[in-house]
Amino acid sequence: MIMFKSGDIVKVLIPNAINTGYDYRLVSAAGVGQMVRCTVMNRPYVGVICGPGDSGLPENKIKNISDVLPYSLPAADLGWISQMSAWTLMPPGAVLRLILNVPDAFTPPRTEQLYSFDFNTTARMTDNRQAVLDAFAANDNEPMSAADIQNIARVSASVVRTMIKNGTLLPTDSRPVAGGGFIHKYSDTGTVVLNDEQQAAAKQIISAIDNGGFAVYLLDGITGSGKTQVYFDAAWRAYNSGASVLLMMPEIALTAQFMTRFEQRFGAPPVVWHSNLTAARRREIWRGVLSGDIRMVVGTRSALFLPWQNLGLIVVDEEHDGSYKQEDMGNYHARDMAILRAKIAGFPVVLASATPGAETLKNVADGKYRALRLTSRYGGAMLPAIATIDIREHRPVPYRAPRADADSDGAISDVLARAIGDTLAAGQQVMLFINRRGFAPIVQCKKCGWVATCPDCSVGMTYHKRMGKLLCHMCGRTAPMVDVCPDCGGRASMRGVGIEKIQEEVMAKFPNARTAIVSSDTIASRQSLERLVAKMEGGELDIIIGTQILAKGHHFPNLTLVGVVDSDMGLFGTDFRAAEHTFQQLFQVAGRAGRGAIPGRVMLQTYQPDHPVFNAICSYDRDSFMAQDMAARRAANMPPYGQLIAIIIEGEKESVLQKYCAELAAAAPDLHGGKIMGPIAAQIYQIRNWYRMRFLIAGGETARLQPVVTRWLEKVRVPANIRVKIDVGPQNFM
């Protein structure tokens, strides 16, 4: 560590979105990476010393550091912040903000009123009250503040006030907010015996951990092949050597069964990091990682930015999953930034997937990553038979819903309906998949063509029957369902199929079947998902109907039939990755079938049965499909054989937005070996009353596009009420 003495001028990086560091005067000795207290515009911050001062300001203009804290970031982390900033074009302060994201981590615990849940309550358990109960369960039933209850349960302040008033929430003694104490020490219980393939894969990863140094392993195994137990072996080796371990998951709601496997293997539950933690729990975990007391964490993408000490292994489970791409507070891909962090610090990374992304497969082909294949299901379970159903020949059968006066158009073909009936008759379970929430995605007037659209966003509103309302899936705005067209007075009708309509059809055609639907609308917490999983495992459900929440991570031994209602849904969008993403999603869904002793089968309803995606899925020929898809990308210079940077410009006033985009277009540089496209209206032009335009910069695989974009944007002043977002390697083209 480079040390400075009292009175030296140092540069301090501040965790906000606009700075690259400010000069301050030390009041005591400190080193690079040391955390310090300082002020910017009279606002207090905890920042990090990143080097000697270089502003050239007169000494009388330089403020003193308020305090030097006994905490520091490793030098490798400062290098990671710098390189991540250079790649993503996020300011270094914005990257640091992702790490120093627990504001009260350096202050004494606050004293505030806390509440506990009265488990003997006689109050009726509404959906909101169940969400509050789940929030307590997710945090080990520790007392919580009213603010934490609202944030974690996603309920309004009025719900919390009502529960306090009726005694469902009981005030506890006011006390300093503190965590409930984790079990941080793990052991290898020896409860799992790996098969030969698993042992060979684990041996290679463990060898890299023992030898030290950077390496990336692709743990490429079919669904049900036991990838988790392989990287558990590696995690134990790294942990037992004294290093810290991060197990990253795309969504923490997907890990209910994972938690059980973890505890069985390591003798204690995992420390879990995600957005639904109380402020006290976040503070305790963050400080525990900083001190080195917590050395193994299971978490979503934000866990990558915990203040790790001696990080020795990162596992990225379901490495292909789009949830690793952050698009709100800065744009970065957590998988790629994990690999960058490991490269700088010098330790191995494991990427696990049954359907690896194109970028990962190219790096394997180029020799940058090492592939470890698992080709058989753990325990000898057979892969399911997969077949398509041509909807052009097997039209869905109409049905009549309860209390309806006419038949409704069905979405389930006669072939799939017979298969469902046979499966139920055999005492087995069924999963139906459609990745569309709600009941009907379009509400339209048959007479004049009017469509119910969100007044704040340029998208149609979806009818949700459970809510009895129209819902905008972009901004969350709701509106009453309309039966009469507001323009011409004609009859408004529902078009398209959502998950709720599939449940209605299933209940009409199989009235004795016990059904449940699973989507982000119905599963608000890990606890609610665990209850549903328990019902499936206990045989209390016959048919489960779900969106992508069900696509991966779940093991239902008696589930033998998976039906995909609309397999074509993702194939024909504007995204050049559409075929890859469709293959990944459907292959993951198919992997839920036949994981027990009884062989499974998968049926894909489609209008395009000869499409390469379906040929590849039915024949289990992923490699040929990906080779064909990547050859097309190579010819078009699309990633991973080229680079893309999107610039999204948002403005509250269209005129100001259009003028600024025109000025940017006029200032666009000549790009040798690439091109700048735009501006054009974004596919979703309006979101939350902000209008949106896009530029797209394309370049070759080795092009250095980031400096070009930086110099270009510096040429034009950004007006007030204009937001400029830079997305390096965009995954979303909306």
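Asn310 counts as exposed, because its relative accessibility is 52%; the cut-offs here are under 20% relative accessible area for buried, over 50% for exposed and partly exposed in between, with a 1.4 Å probe and protein chains only. Good morning, colleagues. Asn310 is found in the loop between strand 16 (296–299) and strand 17 (311–317).

Before I continue, some conventions. This is a predicted model, in which local features need pLDDT of at least 70, side-chain atom pairs count only at pLDDT 80 or more, and totals for chains, interfaces and linings use all residues. Residues are numbered from 1 along each chain as its sequence is written, and side-chain values use heavy atoms, with hydrogens and water left out. Helices (H or I, at least four residues) and strands (E, at least two) are DSSP runs, numbered from the N terminus.

Asn42 also has a positive phi, near 65 degrees, and is a residue other than glycine. Its place is in the loop between strand 5 (34–40) and strand 6 (43–52), and with 72% relative accessibility Asn42 counts as exposed. As background, most residues other than glycine have a negative phi, and most peptide bonds are trans.

One joins Pro639 and Pro640, with omega about 10 degrees; Pro640 lies in the loop between helix 17 (622–636) and strand 33. Another cis bond runs from Gly678 to Pro679, with omega near 10 degrees, and Pro679 is in strand 34.

Strand 34 leads us to the sheet. How are its strands ordered? Four strands form an open sheet in the order 34-35-33-36, with antiparallel pairing; two strands pair if DSSP finds at least two bridges between them. Strand 34 (674–687) and strand 36 (722–728) stand at the edges with a single partner strand each, so one side of each has no neighbour in the sheet. From one strand to the next, the twist averages 20 degrees. Strand 33 (residues 642–651) is joined to strand 36 by seven bridges, and Glu650 stands opposite Arg723 in strand 36.

Finally, the helices. Helix 18 (residues 654–666) packs on the sheet, touching strands 33, 34, 35 (690–700) and 36, where contact means heavy atoms within 4.5 Å. Its direction makes about 20 degrees with that of strand 35; axes are lines fitted to C-alpha atoms, for helices over the stretch in contact, and angles run from 0 to 180 degrees between N-to-C directions. Helix 19 (residues 705–714) lies across strands 33, 34, 35 and 36, at about 25 degrees to strand 33. Thank you.
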